[in-house]
Amino acid sequence: MSRQTSPDVNGPDVNGPDRNGPDRKGNGVQELDSVVVRFAGDSGDGMQLTGTQFSVVTALEGSDLSTFPDFPAEIRAPVGTTFGVSAFQINFGSVEVSTAGDEPDVLVVMNPAALKVNISNLRKGGLIILDEGAFNAKNLKKAGYITNPLNDDSLSKFDVRRMDITRMTVEAVKQYGLGNKDSLRCKNMWTLGLLMWMFGRKRQPIIDSLTQKFAKVPEVARANVAALNAGHAFGETAEMSSNLRRYQINKYEESPGTYRTVNGNQSLAWGLLGGSRLAGLTLMLGSYPITPASPLLHILSGLKEFGVITFQAEDEIAAICSAIGASFAGGLGMTTSSGPGIALKTEAIGLAITTELPLIIVDIQRAGPSTGLPTKTEQSDLYQAVWGRNGDAPIVVLSVSNSTDGFEVGIEAVRLATKYMTPVMILSDGYIANASEQWKIPDINDYAPFPVKFHQDPEGFQPFLRDPDTLARVWAKPGTPGLMHRIGGIEKDYDSGHISYDAANHQRMTDVRKAKIDNIAGDIPLQDVSQGAPGGRLVVVGWGSTYGAIHQAVKRARKDGQDVAHVHLRHIWPLPRNLEELLTSYDTVIVAEMNVGQLNTLLRSQYLLNTVLMSKVSGQPFKIAEIAEEITRNLGDGK
Amino acid sequence: MTTQPEIKKPSPKDFETDQEVRWCPGCGDYAILKAVQMALVNSGSKPENTVFVSGIGCSSRFPYYVSTYGFHTIHGRAPGFATGIKLVNPDLDVWLVTGDGDGLSIGGNHMLHALRRNVDLQIMLFNNEIYGLTKGQYSPTSRPGLKTPSTPLGSVDAPLSPCVFALGAGARFVARGIDTSIKELSSTLLRAREHKGASFVEIFQNCIVYNDKVFEEFTGKKRAKDTQLHLRHGEKMIFGKEVTKGLRFNPQKIALEVVTVGENAITEDDILVHDEQNRHLAFMLCELEPPEFPAICGVIYCHPAESYDQSVHDQIDQAKQAGKADFNALLRTGRTWVVT
Ligand code: SF4
């Protein structure tokens with residue numbers, strides 16, 4: 001949480017939204033570096049929409065931000081239950097923000113179940129805004145409360161603001177003649193209106209978007225706008241504003257450019273399309289719906305004007321097979337899934353390896369094993385990506401570090417797949433997939449094209465002719481006269497490309513497939529140190545979505561004068577060629593990951609390195625504080 | 001003066017590879033390979049525009065023996081690969097080679113969907129009612145009671161009829177051929193190639209090693225005329241050495257029956273005319289099984305509709321016409337803001 005990274009931090013609560021804090025201005029407006037707000041309610045309360053709308057205006061007003069939607073696996077869980085609670089967290093500030101925040105400063109709850117599920121995470125002294133109207137006997141019982149928490153002292157550590165949002169919303173929209181159900185649906189906009197007042201945000205962008213969204217039902221649009229305005233007015237009324245806090249978050253100083261918010265699936269889909277355009281190939285996606293990877297299929301299906309071909313296959317296996325067929329035919333085959341789907345694709349990946357065809361496999365990881373927790377995040381498919389196949393079957397594995405990084409990783413994946421004629425697996429996860437961050441929009445013209453040259457010359461042709469430098473085989477596509485050839489899963493003769501059962505040849509082919517992937521280490525950037533310098537007392541090594549939390553924890557430790565560095569891997573396989581030297585230059589190497597030690601095993605096995613594992617598999621991302629504690633513990637004496 | 005290039009008469013040899021064919025001597029696959037090579041020649045196929053895709057099994061070695069492009073893939077999944085190939089390059093002529101185990105057991109799901117989507121492929125299913133490559137286990141088309149290494153007391157599985165399955169899946173071209181009638185098979189394959197969309201051809205193929213003579217009752221040379229009915233669209237469904245037997249529709253039983261012209265006051269007028277666009281008739285024909293009925297061969301059903309790959313590309317072409325493909329603009333859709 002950036003609040004804790006601001007230069008004038010003296011203690012955990014000083015800059016927090018404590019209304020008696022030192023930053024409180026005379027006019028009741030308190031200035032903050034950053035703040036974490038969490039909206040929580042029933043799945044039907046529209047919390048995701050509220051959070052998204054709030055993020056948009058926050059971004060438009062120039063804050064840095066990071067969001068985290070946290071929703072249940074059930075599409076329509078029974079109303080009022082704890083397992084039907086949906087939440088949206090946003091961390092925004094005038095300082096660099098790179099996670100959705102450890103603990104909310106402000107918690108908005110629309111019913112008792114939302115309070116029950118989210119209260120344990122709220123910062124001590126944090127503000128709770130709750131809809132008193134929803135705290136009736138029925139809802140309390142559904143949430144499993146024996147006594148009403150509003151009537152005992154269970155919330156005494158917090159600043160609780162109860163207001164009958166239900167009643168005030170119904171009143172505000174009465175004149176539009178909506179039914180009871182539709183009226184209640186406007187509660188989220190009332191709440192949003194109040195929050196807009198608290199943070200001094202302009203309402204117009206939201207009004208515009210509501211008008212557009214409900215263009216076909218103007219009375220619904222008007223009712224939503226009325227609720228928004230009513231919530232805002234509630235804050236503005238004299239009696240309330242003396243009572244309720246207002247906050248000011250100044251603009252974040254960013255480098256010049258055009259910005260937007262983007263989530264991890266969006267940036268990755270665009271990176272994959274960008275990469276295929278730089279390669280001059282038709283993108284063909286074969287996919288099967290699965291949480292949390294489906295949005296990639298949706299996004300790419302909507303890009304037909306770019307010639308993108310998408311195929312929703314009958315299952316995960318057909319999906320990857322169609323992608324491999326696409327590459328065989330001279331397109332760029334891709335398949336997108338999550339852990340369980342990747343498991344089904346495993347045999348086909350082996351075929352793409354042995355036929356040496358380019359292929360992009362995207363794994364948006366989720367908590368496993370088996371079905372696991374489909375909507376919760378984890379990084380536990382690294383073994384599967386690097387090692388999870390029969391035979392000696394190396395591929396390239398890349399990892400996405402945050403919501404914006406997918407663009408670069410997508411392009412890099414296509415570059416490596418086409419240059420080396422190999423499958424490339426991209427590991428992202430459910431957190432990155434759904435979380436949004438601000439993105440300085442790149443210009444595709446700044447990227448050097450890497451056009452694919454299909455083989456044309458029949459002279460001396462055989463399908464496994466290799467480039468002596470890259471060891472990649474030639475790519476000859478059907479339709480080319482004189483290059484007819486047959487390939488398949490049976491071992492091929494090194495020199496002729498025909499089927500071969502010869503023992504020495506199998507050794508040679510296995511060796512060359514391995515060497516080809518190993519060689520890629522020479523064509524990827526040296527591993528950099530994202531904070532700190534090579535050599536020193538301690539380094540935290542991470543990969544994937546833990547980037548933000550590690551980044552902030554290390555930043556904090558360094559500010560405290562501690563000799564700590566952060567190394568974050570994009571290239572999981574092959575590993576950067578300087579990584580061993582770099583890691584051995586530190587006294588202590590902490591490997592922080594959301595699994596029980598998969599990168600840790602990889603690094604230890606490759607470098608015989610002594611590491612300290614920091615593992616978490618709760619389905620929730622790391623908190624900055626958790627990593628900070630681990631750093632402190634390992635430094636022992638402090639400085 | 002110009003010299004005319006010597007025009008070589010195309011021959012099946014043009015589609016042979018230098019690969020040693022590894023099927024057992026006497027296997028029905030050899031004859032099918034011949035029939036396919038004949039069909040390729042007769043259809044004027046270009047080797048460079050032709051792709052053979054297969055799964056795993058004896059039949060799936062097929063691509064290695066045709067001098068076109070070929071992809072020997074993984075067990076049961078050939079339809080997925082073929083679909084991807086066809087989507088990226090619809091101009092390619094894609095053949096799929098599979099067997100009763102590959103195409104109906106491990107790959108049954110994919111077969112179903114390739115047929116229902118109507119992907120423009122020629123699908124040849126070599127049905128030998130056995131697993132050959134894994135040494136003789138029973139398959140989904142094996143007859144009940146068949147003793148194999150995995151069914152020492154005889155199979156208790158109910159078999160499935162490939163053509164009924166294909167029709168049920170929504171196939172718009174269903175045909176059947178026999179490895180022993182190369183010419184007939186070759187012309188059926190030619191029809192399959194002409195058909196835009198998924199063409200399903202079941203081919204009875206003798207596995208001389210593990211299930212020899214399983215089709216003998218209707219493929220035996222001496223009996224063939226009396227036990228096989230070769231369909232022709234618009235012609236009477238007549239067969240037999242004397243060309244007197246035929247199929248008649250019995251309205252009481254809602255079923256087809258074999259009758260003999262000249263017996264019981266039956267005349268040629270009683271014999272049904274084959275209509276390959278009639279799906280009900282197609283189902284009835286596919287249900288007929290020897291020895292009570294003749295083996296039905298030739299094109300059973302052909303009722304074209306737009307192919308899947310065509311529809312996919314129609315949408316893409318429309319989208320290309322309607323929208324400008326500006327990548328930088330794509331990245332800037334939705335709300336953006338400028339920091340100066
Ligand atoms: S095992 Fe049977 S099907 Fe396979 S090649 Fe031999 S004869 Fe043919």
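**Close-up 1. Strands 10 and 12 of chain A run parallel, joined by 5 bridges.** In this predicted model, strand 10 covers residues 283–287 and strand 12 covers residues 332–337. (Strands are DSSP runs of E with at least two residues, helices are runs of H or I with at least four, and both are numbered from the N terminus; two strands pair if DSSP finds at least two bridges between them.) Look for L285(A): its bridge partner in strand 12 is M334(A).

**Close-up 2. Zoom out to an open sheet of 7 strands in chain A.** The strands sit in the order 11-10-12-13-15-14-20, and their pairing is mixed. At the edges you'll find strand 11 (309–312) and strand 20 (571–573), each pairing on one side only. Neighbouring strands here are turned by 20 degrees against each other on average, direction ignored (axes are lines fitted to C-alpha atoms, and angles run from 0 to 180 degrees between N-to-C directions).

**Close-up 3. Here's the second largest pocket, with about 520 Å³ of space.** (On a 1 Å grid over the protein atoms alone, a pocket is an open set of points where a 1.4 Å probe fits, with protein on both sides within 12 Å along at least five of seven lines; lining residues have an atom within 4 Å of a point. The volume is the space filled by probe spheres set on the points.) Of its 33 lining residues, R38(A), F68(A), D70(A), N121(A) and Q620(A) lie nearest the centre. Strand 4 (85–93) of chain A is one of the elements supplying at least two lining residues, and strand 4 gives the most, with 4.

**Close-up 4. What about disulfides? The whole structure has 0.** (A disulfide is a pair of cysteine sulfur atoms within 2.5 Å.) The sulfur of C297(B) is too far for a bond because the closest cysteine sulfur, in C163(B), is 9.5 Å away. C297(B) counts as buried at 1% relative accessibility, and C302(B) is buried at 9% (buried means under 20% relative accessible area, exposed over 50%, partly exposed in between, with a 1.4 Å probe and protein chains only).

**About the numbers.** Residues are numbered from 1 along each chain as its sequence is written, while chains are lettered from A in the order in which they are written. Local features need pLDDT of at least 70, side-chain atom pairs count only at pLDDT 80 or more, totals for chains, interfaces and linings use all residues, and side-chain values use heavy atoms, leaving out hydrogens and water.
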